[in-house]
Amino acid sequence: MRTGSLNVRVALQSATEARDAFGGVTLSWATFATRWASIETTGGGETDVADSAHSGADHTVRIRYDSAVAATVPRNRVVYGSRTFEIVAVDHVDQRRREIVLRVKEQR
């Protein structure tokens, strides 16, 4: 991965559920990491990566490897400016701990 290709700053956020006074669940988001990244459109639909289909992913977000991000669960999200992306899958490129590819779906 070339450093120049990581040209946008994104926030990685995790969800926290809290019960309100009426027994309902309120979802709030907290940023746990801010990283340089590249965002590419994949065209949507199903993407076949490493022999598994990631249904609905319409973008890929590439970042440098980070163990905190590597443990990201699909319940987290990526925020870039006013755009929000739901993480569908996390792929570790060639297992060398250099790069992580997040398969994401833009929330509209």
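Which residue's side chain does a polar contact of 3.2 Å join to the side chain of Q13? The partner is T31, where a polar contact is a pair of N or O atoms within 3.5 Å; within protein, one must be able to donate a hydrogen and the other to accept it, and residues adjacent in sequence count only if both atoms are side-chain atoms.

This is a predicted model, in which local features need pLDDT of at least 70 and side-chain atom pairs count only at pLDDT 80 or more, while totals for chains, interfaces and linings use all residues. Residues are numbered from 1 along each chain as its sequence is written, and side-chain values use heavy atoms, with hydrogens and water left out.

**Overall layout and confidence**

The chain has 1 helix and 8 strands, and from the N terminus on its elements run β-β-β-β-β-α-β-β-β; helices (H or I, at least four residues) and strands (E, at least two) are DSSP runs, numbered from the N terminus. The pLDDT, which is the predictor's confidence in each residue from 0 to 100, averages 82 over the chain, and 81% of the residues score at least 70. Confidence is lowest in strand β3 (residues 46-49), with a mean of 47, and highest in strand β6 (residues 77-80), at 96. Over residues 46-54 the pLDDT is below 50, although this stretch has 17 contacts in the model beyond near neighbours in sequence; a contact means heavy atoms within 4.5 Å. Of the contacts in the chain with a separation of 6 or more, 52% are between residues 24 or more positions apart.

**Burial and the core**

Of the 108 residues in the chain, 36% are buried, where buried means under 20% relative accessible area, exposed over 50%, and partly exposed in between (1.4 Å probe, protein chains only). The largest nonpolar core has 15 residues, of which L12, I63, V78, L102 and V104 touch the most other members; such a core is a set of buried Ala, Val, Leu, Ile, Met, Phe, Trp, Tyr and Cys residues joined through side-chain atoms within 4.5 Å. Two or more residues of this core come from each of β1, β2 (25-41), β5 (59-64), α1 (67-70), β7 (83-92) and β8 (99-107). Leaving aside neighbours within four places in sequence, V104 is in contact with residues including V61, V78, F85 and I87.

Q13 lies in strand β1 and counts as buried because its relative accessibility is 11%. Besides T31, the side chain of Q13 makes a polar contact with the side chain of R77, and the residues that Q13 touches, not counting those up to four places away in sequence, include W29, F32 and V79.

D66, placed in the loop between β5 and α1, counts as buried because its relative accessibility is 17%. Leaving aside neighbours within four places in sequence, D66 is in contact with R35 and I100.

| Residue | Partner | Polar contact |
|---|---|---|
| Q13 | T31 | 3.2 Å |
| Q13 | R77 | 2.6 Å |
| D66 | R35 | 2.4 Å |

L6 is found in the segment before β1 (8-19) and counts as buried because its relative accessibility is 9%. L6 and A37 are 31 residues apart in sequence, but 4.3 Å apart in space, C-alpha to C-alpha.

R97, in the loop between β7 and β8, counts as exposed because its relative accessibility is 62%. From R97 to Y65 there are 32 residues in sequence and 5.4 Å in space, C-alpha to C-alpha.
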